[in-house]
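Subject: Structure handover

Hello,

Here is the structure we talked about. Please look it over, then read the notes below.

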Amino acid sequence: MTKIEFNTLVLRQASSLRSYALHFTHDADDANDLVQDTMLKAITYYNKFKEGTNLKGWLYTIMKNTFINNYRRFIKMSTFVTKSEEISSANLVFSSTKNQGEAKFVMDDIKRSLDKLPEDYYVPFTMYFEGHKYHEIADHLAIPIGTVKTRIHVARKILKKSLKAYDNGIKKPVYAEMD
């Protein structure tokens, strides 16, 4: 069977496909869209049709699968996308998208805060942050290990104070109670 003959046979089934589509959609416009999708798929994949088999049954199967796939896609999208008047204030955080611009601003603020640290605190803190051990930092700077620990601690306090805008207010866990 040639492609033109096949297309003609498919087009002859349009009216029965339309009534079958109404069974699924219950709306004339949606039914017409479903018929169009079904016919497009049938014509596109005509080489999958085995001559001598039931064309109407094959088309109905395509229509049923198309409807199910579209329905699943619609349900999936409607769970992710809500209309603006339906978004509660509690869900506003989920309605926005994150982008790399926000991360860039945060990293710029961290870099500015680090650059403001006095060198006596900056060098031990950055070495520790890069993974050096306390004794390695002490040897490199030729200062006592206690001084290294103090400078790192003070650097953390300064950074925490200068980056207070990013503190989200979450209480830190208490690991040991002091009496």
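Helices are DSSP runs (H or I, at least four residues), numbered from the N terminus. This is a predicted model: local features need pLDDT of at least 70, side-chain atom pairs count only at pLDDT 80 or more, and totals for chains, interfaces and linings use all residues. Residues are numbered from 1 along each chain as its sequence is written, and side-chain values use heavy atoms, with hydrogens and water left out.

Aromatic pairs

The whole structure holds ten aromatic pairs. Rings of Phe, Tyr and Trp (its six-membered ring) pair if their centres lie within 6.5 Å; planes under 30 degrees apart are stacked, over 60 edge-to-face, the rest tilted.

Phe6 and Phe49 make a tilted pair, at 5.6 Å centre to centre and 45° between the planes. The two are 43 residues apart: Phe6 sits in α1 (3–12), Phe49 in the loop between α3 (28–44) and α4 (55–80). Phe6 is buried, with 1% relative accessible area. Phe49 is buried too, with 11%. Buried means under 20% relative accessible area, exposed over 50%, partly exposed in between (1.4 Å probe, protein chains only).

Phe67 and Tyr71 are stacked, at 6.4 Å and 20°. They are four residues apart in α4, so about one helical turn separates them. Phe67 is partly exposed at 24%. Tyr71 is partly exposed at 48%.

Nonpolar cores

A nonpolar core is a set of buried Ala, Val, Leu, Ile, Met, Phe, Trp, Tyr and Cys residues joined through side-chain atoms within 4.5 Å. The largest has 16 residues, and Val10 and Met63 have the most contacts inside it. α1, α2 (14–25), α3 and α4 each give two or more residues to this core. Its largest share, five residues, comes from α3. Apart from this core lies another, of eleven residues, including Phe125 and Ile152.

Largest pocket

A pocket is an open set of points on a 1 Å grid over the protein atoms alone, where a 1.4 Å probe fits, with protein on both sides within 12 Å along at least five of seven lines; lining residues have an atom within 4 Å of a point. The largest pocket is lined by 17 residues, and Ile110, Arg156, Leu159, Lys160 and Leu163 lie nearest its centre. α6 (100–116), α7 (119–129) and α9 (145–162) each supply at least two lining residues. α6 gives the largest share, five residues.

Best wishes
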